[in-house]
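Please examine the chain shown here and read the report that follows alongside it.

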Amino acid sequence: MLTLTKKQKLFLDYITKFIEKNGYAPSFEEIKKHFKLSAKSTVHQHISTLTEKGFLNKEHYKARAISVVQDAPLSPTPPYTPTYSYGYKEQPIQHEKIDNFLNKIICGDAVEIMEKMPDYSIDLTVTSPPYDELRNYNGYHFNFEGMAKNLFRVTKNGGMLVWVVGDKIKNGNKSLTSFKQALFFQEIGFNVHDVMIYKKKNTPFMRTNAYTNCFEFMFVLSKGRPKIFNPLKVKTMRQGQEMLPFNKGADGINKKILGELKSEKTKTNIWEYAVGLHGTTSDKIAFEHPAIFPEKLAEDHIISWTKEGDIVFDPMCGSGTTCKMAIKNNRAYIGCDISKEYVDLTNHRLKAQGLRLF
Ligand SMILES: C[S@@+](CC[C@H](N)C(=O)[O-])C[C@H]1O[C@@H](n2cnc3c(N)ncnc32)[C@H](O)[C@@H]1O
């Protein structure tokens, strides 16, 4: 028999009674209000768990589409088991302390590693998955849903996930897996804080009947409201003093006044990077990995969404780009990759830079 925590039981009772009374399910907003919660993500979390445990059905991407499973195995209310998992294993999982994972490059399946990590422990994840099996990373596959749910669980409230992804083209048809993944992240409780573009400065011409693809998506997802935003700035085109228009009066004449132009402004959400040697990185060894993203991309997100001492995670760290930039910016890091070859590569890369001391 599956167990429910006291809170999960309260959620289930509320939803059951609401449906009995109204004939339709409560919205997430109504549930949030009823339980006086500060973030809708907590509602998502409980609904996901109740769905996984077989007490609720929830249709994706549809409002008020929760229903109660009539023959669910009802569990005893307290005493209860206060542990649960968003992974695929049904039995409660004993989480280890986050300190056990800090400043390590761990070899293994990201979902299995995350399942050992405690809830609410990561400030920022910057990662890039295998794209639609586009490349064969030594033949490894990954379980997207298990990855997404665990990423949500381990992220702190106000923490962020940056998911860098592109789409495969098969028979002239783009897969749009990137968007399907983003919608799934939203469904399980992440807030789609921004959809950013990673623009590549130098890209080879690849298709005869379409424009050269020069970008990937960077889905910037938050667990609740982002707790940190340090906006990156760029220089403005014109600086100094200039005659600037100000509000028209009743006479309709557009007046001008001498004003100071701002010397810098917040960057747009399209970030452009040179790729290749000395663009992506100057570490030659990193190119032994087939799909690295630019160091500057990782660094820009680390600076934007974290402060010194925060924990930065990359569950599919490849050549270790995110970890390297976390160290360079005085953040703690956790990296993992399923391929021993890439874990070794990352360790060599960090060591060669004098960044890995043990
Ligand atoms: C796009 S690459 C990441 C590259 C990285 N951002 C960099 O700059 O080097 C994706 C990585 O995911 C790893 N991977 C694939 N399945 C995995 C899994 N189940 N668990 C952990 N890593 C996995 C692959 O070995 C590959 O190195």
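## Strand E4 and its partners

E4 and strand E15 (residues 311-314) run parallel and are joined by two bridges. Across this pairing, Leu124 stands opposite Val312 in E15. E4 also runs parallel to E5, with five bridges between them.

## Nonpolar cores

Which residues touch the most other members of the largest nonpolar core? They are Val162, Leu221 and Val312, in a core of 51 residues. Strand E5 (residues 155-165) supplies the largest share of this core, six residues. Apart from it lies another core, of 13 residues, including Leu4, Ala25, Ile47 and Phe55. In soluble globular proteins, nonpolar side chains tend to be buried together.

Setting aside neighbours within four places in sequence, the contacts of Val312 are Asp123, Leu124, Val126, Ile302, Thr306, Thr322, Ala326, Arg331, Ala332 and Tyr333.

## Helices H7 and H8

Helix H8 (residues 321-328) is largely enclosed by the rest of the structure, because six of its eight residues are buried. Those six are Thr321, Thr322, Cys323, Lys324, Met325 and Ala326. The cover over the buried residues of H8 includes strand E3 (104-107), E4, helix H7 (295-305), E15, strand E16 (332-337) and helix H9 (340-352). Just after H8, Asn330 has a positive phi of about 60 degrees.

The buried residues in H7 include Glu295, Leu297, Ala298, Asp300, His301, Ile302 and Trp305. Among the elements covering the buried residues of H7 are E4, E5, strand E8 (191-200), strand E14 (270-273), E15 and H8. E4, E15 and H7 are also among the elements that cover H8.

## The ligand shell

How many residues surround the ligand? There are 22, and the closest are Ala110, Met316, Gly318, Ser319 and Thr321. By type, the shell divides into 14 nonpolar, six polar and two charged residues. Thr321 is also one of the buried residues of H8.

Two of the closest residues, Ala110 and Met316, are also touched by Phe142. Not counting residues up to four places away in sequence, Phe142 touches Ala110, Pro129, Pro130, Met147 and Met316. Phe142 sits in the loop between E4 and helix H5 (144-154). The C-alpha atoms of Phe142 and Val111 are separated by 8.4 Å, although these residues are 31 residues apart along the chain. Phe142 counts as partly exposed because it has 16 C-beta neighbours inside 10 Å.

## Positive phi in two loops

Most residues other than glycine have a negative phi. Tyr120 has a positive value, with phi near 50 degrees. Tyr120 lies in the loop between helix H4 (110-114) and strand E4 (122-127). Is Tyr120 buried or partly exposed? With 13 C-beta neighbours inside 10 Å, Tyr120 counts as partly exposed.

Leu176 also has a positive phi, near 60 degrees. The loop that holds Leu176 lies between strand E7 (173-174) and helix H6 (177-187). Leu176 has 13 other C-beta atoms within 10 Å, so this residue is partly exposed.

## The chain as a whole, and confidence

The protein chain contains nine helices and 16 strands. Buried residues make up 33% of its 358 residues. Of the contacts in the chain with a separation of 6 or more, 67% are between residues 24 or more positions apart.

The mean pLDDT of the protein chain is 86, and 88% of its residues reach 70 or more. Over residues 73-90 the pLDDT stays under 50, and the model has 35 contacts beyond four places in sequence for this stretch. Residues 134-139 also have a pLDDT below 50, with eight contacts in the model beyond near neighbours in sequence. Where pLDDT is low, the predicted coordinates should not be read in detail.

Methods
Residues are numbered from 1 along each chain as its sequence is written. This is a predicted model: local features need pLDDT of at least 70, side-chain atom pairs count only at pLDDT 80 or more; totals for chains, interfaces and linings use all residues. A nonpolar core is a set of buried Ala, Val, Leu, Ile, Met, Phe, Trp, Tyr and Cys residues joined through C-beta atoms within 7 Å. A residue is buried if 20 or more other C-beta atoms lie within 10 Å of its own, exposed if 12 or fewer, and partly exposed in between; C-beta atoms are placed from the backbone. Helices (H or I, at least four residues) and strands (E, at least two) are DSSP runs, numbered from the N terminus. Two residues are in contact if their C-beta atoms, placed from the backbone, lie within 7 Å. A residue is near a molecule or strand if its C-beta atom, placed from the backbone, lies within 6 Å of it. Ala, Val, Leu, Ile, Met, Phe, Trp, Tyr, Cys and Pro count as nonpolar, Asp, Glu, Lys and Arg as charged, and the others, Gly among them, as polar. Two strands pair if DSSP finds at least two bridges between them. pLDDT is the predictor's confidence in each residue, from 0 to 100.
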